[in-house]
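Welcome, and thank you for taking a look at this structure. Let us walk through a few of its parts together, one stop at a time.

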Amino acid sequence: MNVVYASSGGYAEIAGISMRSLFESNRDVEELAVWMVDCGIGGENRQKLLSVAAEYGRALFFVRGVDPAERAGISVAAGRWHPATFQRLFLGSLLPPEAERVLYLDCDTLVRRPLAPLWERPFGPSSALGVDDCRSGRYAAELGLPPDAPYVGSGVLLLNLARWRREGTEDRCLAFLRARGGDVTYVDQGVLNGTLGALGQTGALPPRFGAPTVLFDFPYRDLLRLRRPAHPPTEAEWRAAVEDPAVVHFTACFYSGSRPWNEDCPHPFAAEYLAHKAASPWREEPPRPDGRGPAGRLTTAAAHLLPRGLMLAVMSFLHARAYPWARGVKSRMRRRRRG
């Protein structure tokens, strides 16, 4: 099993805790190697990461990350994300040819169950399998796809790198990024969906293999009202994801606000994350301050003060309709200026 992370220096601790959970939950896997795409990891954190791998007798390889702007030949907007997020687009050239199938995990994941059932899934016509991101069809349409096209999250991805190399997927991703002027909604996730989705090469995983925070923050019916997803999970899939997720993805969500490396995180699996931290080389590191700005904190406070129905209606309008519409207008104006 080949597992890939990409981390900056600031996220090395979070990546290391995720990696420890991966090793702990997959002790029975005979061969498990981790490739860490290094986007500024310092020497001390590198040694700590190596010590986690050594504790479990696993191989850890460091690969130097690339500059997405340099690869694309244009300025690339990362927004609130670190440029490390783009590294998954370049895994076909960053990893050796023998890495033909890889499992990409975001640093902010917690692995709770064996991943062999995920690792062994057939690709079928797809070259990238991910959990549906539970978004309205306007996000696919903004990328130039049909509104009912699949739209997968990029936090947990099973990738057919052999096919990526054979079909020039990296070059196609770069072409899409250039065509969008280097500014794509949800950065690399938008690029992957816009590129592979147009080719019919994205496929959905059950949400328990990468359960985002929004699934835990809202009951099933409220989740559908909020997100208006084009491809909603069934209630049984949602329940399996929140009750016994194989992989928890600690994504940001306006309702709960903080994440497990912050103080007083309300996530139901924050305690498991902190247990792994307590057994890791970062056990003495204090909780990180809440990195949200005033607008983010105000949104969380307002979401809890407003009547439930009104809050869901307002946030659904903003998330499912207004934001993708505004992004689409911005994208069309940019392309018009470019000629």
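The model before you is predicted. Which residues of helix 12 are the buried ones? Within this helix, which spans residues 235–243, they are Trp238, Ala241 and Val242. These three cover an arc of only 90° around the axis, so they sit on the same side of helix 12. Now turn to the face pointing away from that buried side: here you will find Ala236 and Glu243, which are exposed.

The loop between helix 11 and helix 12 contains Arg228. Its phi is near 50°, which is a positive value in a residue other than glycine.

You can find Asp264 in the loop that runs between strand 10 (247–249) and helix 13 (270–278). Is Asp264 buried or exposed? Its relative accessibility is 73%, and because exposed means over 50%, Asp264 counts as exposed.

The loop between strand 10 and helix 13 also holds Ser258. For Ser258 the relative accessibility is 11%, and since the cut-off for buried is under 20%, Ser258 counts as buried. What does Ser258 touch, leaving aside residues up to four places away in sequence? Its contacts are Glu263, Asp264, Cys265 and Pro266. So the exposed Asp264 is one of the residues that the buried Ser258 touches.

For the last stop, let us go back along the chain to a pair of helices. Helix 8 covers residues 169–179 and helix 9 covers residues 187–196; their axes come within 9 Å and cross at roughly 110°. That angle makes helix 8 roughly perpendicular to helix 9. The crossing in which helix 8 passes helix 9 is right-handed.

Which residues meet where these two helices touch? From helix 8 come Thr169, Arg172, Cys173, Phe176 and Leu177, while helix 9 brings Gly190, Val191, Leu192, Gly194, Thr195 and Leu196. Sorted by class, the contact between helix 8 and helix 9 has six nonpolar, four polar and one charged residues.

Key: Residues are numbered from 1 along each chain as its sequence is written. This is a predicted model: local features need pLDDT of at least 70, side-chain atom pairs count only at pLDDT 80 or more; totals for chains, interfaces and linings use all residues. Side-chain values use heavy atoms; hydrogens and water are left out. Axes are lines fitted to C-alpha atoms, for helices over the stretch in contact, and angles run from 0 to 180 degrees between N-to-C directions. Helices (H or I, at least four residues) and strands (E, at least two) are DSSP runs, numbered from the N terminus. Angles under 35 degrees count as roughly parallel, over 145 as roughly antiparallel, 65 to 115 as roughly perpendicular and the rest as oblique. A crossing is left-handed if the near helix is turned anticlockwise from the far one by less than a right angle, and right-handed if clockwise. Contact means heavy atoms within 4.5 Å. Ala, Val, Leu, Ile, Met, Phe, Trp, Tyr, Cys and Pro count as nonpolar, Asp, Glu, Lys and Arg as charged, and the others, Gly among them, as polar. Buried means under 20% relative accessible area, exposed over 50%, partly exposed in between (1.4 Å probe, protein chains only). The arc is that of the directions from the helix axis to the C-beta atoms.
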